[in-house]
Amino acid sequence: MNFKKKLSCIGVVVVMISCATNPFTGKKTLALPGTENSTLFPASFSQYNQVLSQSKVITGTKDSDMITRVGQRIAVAAERWLNANGYQGYLDDYKWEYKLIESDQVNAWCMPGGKIAFYTGILPIAQNETGVAAIMGHEVAHALANHGQQRMSKGLLQQIGAAGVMVGTSGQSSEAQQAWMQAYGVGSTLGILAYSRKHENEADKIGLYLMAVAGYNPDEAAELWKRMKANSGGQAPPQFLSTHPSNDTRIANLQELAPIAKSEARKFGVTSFRPIN
C-alpha cells in the first residue's frame with residue numbers, strides 16, 4: 001500500500017473511533033481524545049477566570065442584570081429543548097456564568113461549559129433585550145453544539161496529518177514535501193474558514209430556537225444583523241475569505257429561519273413573545 005493510501009486509512013480510522021453526536025442535528029462530529037468535556041471544561045473555566053481577572057467586570061447595573069436575566073432564560077430554554085429531545089443530563093457538567101465586561105469591543109462569547117461574556121461595546125448594537133437574546137442564543141449555541149471541541153479536534157487532526165506527511169516524505173525534496181502538505185490541506189486557511197462558516201450557520205439556527213423557546217421574538221435576529229452590517233461600514237471581507245457568512249447571507253438566512261423557530265417554540269407552549277424595548 002502506498003503512503004497516500006496508508007495516510008488516508010489512518011485518517012478514516014481516527015475519525016471513525018473519535019466521534020460525538022451533535023444533539024441539535026443528530027450528526028456525528030469529530031471529537032478526538034483529549035477534547036472531552038472532562039478535559040475541555042476545566043481548561044475553559046480556568047481561562048474564563050483569567051479573562052475576568054484582567055478585565056473590568058460590571059455588576060449591579062441595569063445592563064449587567066439584563067445579561068444575567070437573558071442568560072438564565074436561554075439556559076433554561078436549552079435544558080427544556082434538550083430534555084424534550086432525549087438529551088437529559090446533557091448540561092449536568094455546565095457551570096453557567098454571565099458577565100458584562102467594560103470594553104469598546106463589539107463582541108460576546110460563550111466558552112465550553114457555559115461561561116459567557118458580553119462586552120459593553122456590543123450593547124448599543126443589540127439595542128434592546130431581545131437583541132441581547134439573539135446574540136446570547138447564538139453564542140450559547142456554539143457551546144452546546146460542541147463547536148469548540150470540533151475545532152480543537154480538527155486542529156489536532158491537522159497536526160497528526162502534518163507529522164505523518166513529514167515522516168512519509170522524509171528523504172524527498174523539499175518541493176515534494178510541500179506538494180504533499182498542500183494536497184492534504186496542511187497549513188491551508190481556506191478549509192478552516194469554510195469549517196467555521198458552517199459552525200456560524202449552525203449556531204444561527206440553534207440560537208433562533210433557543211431565543212424563541214426563551215420567549216424572545218426570533219424576527220429580531222435579522223434586525224440585529226442589519227445593525228451589525230451598518231456598524232461594519234461595509235468593511236467586511238469577501239465571504240469566501242471570512243470565518244463568518246456575509247452580512248447579507250446571514251440576514252436572509254435568519255429571516256427564512258424565524259418562522260421555523262416560532263413553530264419550534266410553540267411545541268413548548270410559547271405562543272407570544274416579550275415586547276421589544
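## Helix α5 and the sheet

Helix α5 lies across strands β5 and β6, running at about 30° to β5. Helices (H or I, at least four residues) and strands (E, at least two) are DSSP runs, numbered from the N terminus; lying across rests on contact, meaning heavy atoms within 4.5 Å. Axes are lines fitted to C-alpha atoms, for helices over the stretch in contact, and angles run from 0 to 180 degrees between N-to-C directions.

The 16 residues of α5 (residues 129–144) reach 22 Å from first C-alpha to last, close to the 22 Å expected at 1.5 Å a residue; the expected span is 1.5 Å times one less than the number of residues. Buried means under 20% relative accessible area, exposed over 50%, and partly exposed in between (1.4 Å probe, protein chains only). In α5, 16 of the 16 residues are buried, so this helix is largely enclosed by the rest of the structure. At its start, a side-chain oxygen of Asn128 comes to within 3.1 Å of the backbone nitrogen of Thr130. Just after the helix, Asn146 takes a positive phi of about 60°.

## Model and confidence

This is a predicted model, in which local features need pLDDT of at least 70, side-chain atom pairs count only at pLDDT 80 or more, and totals for chains, interfaces and linings use all residues. Residues are numbered from 1 along each chain as its sequence is written, and side-chain values use heavy atoms, with hydrogens and water left out.

The pLDDT is the predictor's confidence in each residue, from 0 to 100. Its mean over the protein is 78, and 65% of the residues reach 70 or more. Confidence is lowest in helix α7 (residues 174–183), at a mean of 43, and highest in strand β3 (residues 57–58), at 98. The pLDDT is below 50 over residues 2–17, a stretch with 17 contacts in the model beyond near neighbours in sequence. It is also below 50 over residues 160–170, where the corresponding contacts number 19. Where pLDDT is low, the predicted coordinates should not be read in detail.

## Strand pairing

An open sheet of 4 strands has the order β3-β4-β6-β5, with mixed pairing; two strands pair if DSSP finds at least two bridges between them. The edge strands, β3 and β5, each pair on one side only. Strand β4 (residues 97–101) runs parallel to β6, joined by 5 bridges, and Leu100 has Phe118 of β6 as its bridge partner. Helix α3 (residues 62–84) lies across β3, β4 and β6, at about 150° to β4.

β5 and β6 (residues 115–119) are antiparallel, over 4 bridges, with Met111 opposite Lys115. Their hairpin has 3 residues between the strands, and Gly113 there takes a positive phi near 100°. In β5 (residues 108–111), Ala108 and Cys110 point one way and Trp109 and Met111 the other, and all are buried.

Glu200 belongs to helix α8 (residues 190–213) and is buried, with a relative accessible area of 6%. The side chains of Glu200 and His138 make a polar contact of 2.9 Å. A polar contact is a pair of N or O atoms within 3.5 Å; within protein, one must be able to donate a hydrogen and the other to accept it, and residues adjacent in sequence count only if both atoms are side-chain atoms.

Among the buried residues of α9 are Glu220, Trp225 and Arg227. Gly233, which follows α9, has a positive phi near 65°. In helix α10 (residues 247–266), Ala258 is buried at 2% relative accessible area. Beyond neighbours within four places in sequence, Ala258 contacts Leu208, Pro218 and Asp219.
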